[in-house]
Amino acid sequence: MPAPDHPYLAGGFAAFAHRGGWVEPEDQAKENTLHAFGRAVALGYRHIETDVCATADGELVVLHDRTLDRVSDATGEVGQRTWAELADVRVGGTEPIPRFGDALEEFPGTRFNVDLKDDPSVPLLAEIIERHGAHDRVCVASFSESRLQAFRRLAPDVLTAASTLGAGWITSAVGPRRWRQDPGVAVQIPVWYPGIPYPLVRRDVVRRAHATGRVVHVWTVNDAAEMHRLIDLGVDGLVSDDITTLKRVLVERGLWEVES
């Protein structure tokens, strides 16, 4: 199925709230919580970028890091805690850590771009998507080639992003036959990546992706001028922390999807 025809990508330009994004300064400490997701949904966002990892007893929780130290009032590895042991942990001082299934239920009209952060999360995510009938609401990404391959075997009907290697083929233009091999439909890349001396997002890259039925989503863009520049290059979606600025830019460009 060509990428633009997939239900996850329906509706035109994709605006992603990065980990839920932020509206007020204090929101920045509450990433990947139902509070953050709710703020984005209230602003009209239909796409949320998020991350998942597994607890010791097989619950799939929404958290970017595999450790609790950076964002919460607890320390240690998520994978060594049970779901019950995480019940009193708070993100940003006030917000509980949600399970991914809770987010699907809380925001039934929302589409999620999910980054797999550890190996145990792979079968858990496939099972939760199946249980909630959320096949058309989720796009799965990972920096790990093996995790993506494992997930695709378990859930072949769920949209996935190109692997790091697949995105590398497209952005470096290493032969059309090679970059056609990656089954990922969404090429999700930053403008620049450490150690690479050229920008990844270029007009030729966008054309190349589109020629093979793929879309290009760029992360993480918080500057209005850069948003306009990337839109001019023809990208299909932007991921941003600053969800008020991204919405304003897309409204100005006539690209903000208004719910009918």
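Mentor: The largest cavity here has a volume of about 90 Å³. Keep in mind that this is a predicted model.

Trainee: How many cavities of 30 Å³ or more does a search of the whole structure find?

Mentor: Start with the general idea. Rolling a probe the size of a water molecule over the atoms shows where empty space is left. In this structure, the search finds 1 cavity of 30 Å³ or more.

Trainee: Which residues line the largest cavity?

Mentor: One stretch of names is Gly44, Tyr45, Arg46 and His47, among the lining residues. Leu255, Trp256 and Glu257 also belong to the lining, as do Phe13 and Ala15. By type, the lining has 5 nonpolar, 2 polar and 2 charged residues.

Trainee: Now the core. Which residues of the largest nonpolar core touch the most other members?

Mentor: General idea again. In soluble globular proteins, nonpolar side chains tend to be buried together. Here the largest nonpolar core holds 57 residues. Phe100, Phe151 and Leu238 touch the most other members. Helix α3, residues 121–132, gives the largest share of this core, with 6 residues. Apart from this core lies another, of 12 residues, including Leu9, Phe16, Val185 and Val239.

Trainee: What is Phe151 in contact with, leaving aside its neighbours within four places in sequence?

Mentor: Look for Leu116, Val122, Leu125, Ala126 and Ile129, among its contacts. Phe151 is also in contact with Val140, Val158 and Thr160.

Trainee: Next, aromatic rings. How many aromatic pairs does a search of the whole structure find?

Mentor: A pair of aromatic rings is described by the distance of the centres and the angle of the planes. The search finds 5 aromatic pairs in this model. Take Phe37 and Phe112: they are 5.9 Å centre to centre, with 65° between the planes, an edge-to-face pair.

Trainee: Where in the chain do Phe37 and Phe112 sit?

Mentor: Phe37 is in helix α1, residues 34–42, and Phe112 is in strand β6, residues 111–116.

Mentor: The cut-off for buried is under 20% relative accessible area. Phe37 counts as buried because its relative accessibility is 0%. Phe112 counts as buried because its value is 0% too.

Trainee: What kind of pair do Phe100 and Phe112 form?

Mentor: Phe100 and Phe112 form an edge-to-face pair, 5.5 Å centre to centre and 85° between the planes. Phe100 lies in helix α2, residues 100–106, 12 residues apart from Phe112 in strand β6. Phe100 is buried, as is Phe112.

Trainee: Which residues form one aromatic cluster?

Mentor: Phe37, Phe100, Phe107 and Phe112 form one cluster.

Definitions and conventions. Residues are numbered from 1 along each chain as its sequence is written. This is a predicted model: local features need pLDDT of at least 70, side-chain atom pairs count only at pLDDT 80 or more; totals for chains, interfaces and linings use all residues. Side-chain values use heavy atoms; hydrogens and water are left out. A nonpolar core is a set of buried Ala, Val, Leu, Ile, Met, Phe, Trp, Tyr and Cys residues joined through side-chain atoms within 4.5 Å. Buried means under 20% relative accessible area, exposed over 50%, partly exposed in between (1.4 Å probe, protein chains only). Helices (H or I, at least four residues) and strands (E, at least two) are DSSP runs, numbered from the N terminus. Contact means heavy atoms within 4.5 Å. Rings of Phe, Tyr and Trp (its six-membered ring) pair if their centres lie within 6.5 Å; planes under 30 degrees apart count as stacked, over 60 as edge-to-face and the rest as tilted. On a 1 Å grid over the protein atoms alone, a cavity is a set of points where a 1.4 Å probe fits but cannot get out, and a pocket is an open set with protein on both sides within 12 Å along at least five of seven lines; lining residues have an atom within 4 Å of a point. Grid points are joined across faces, edges and corners, and a volume is the space filled by probe spheres set on the points. Ala, Val, Leu, Ile, Met, Phe, Trp, Tyr, Cys and Pro count as nonpolar, Asp, Glu, Lys and Arg as charged, and the others, Gly among them, as polar.
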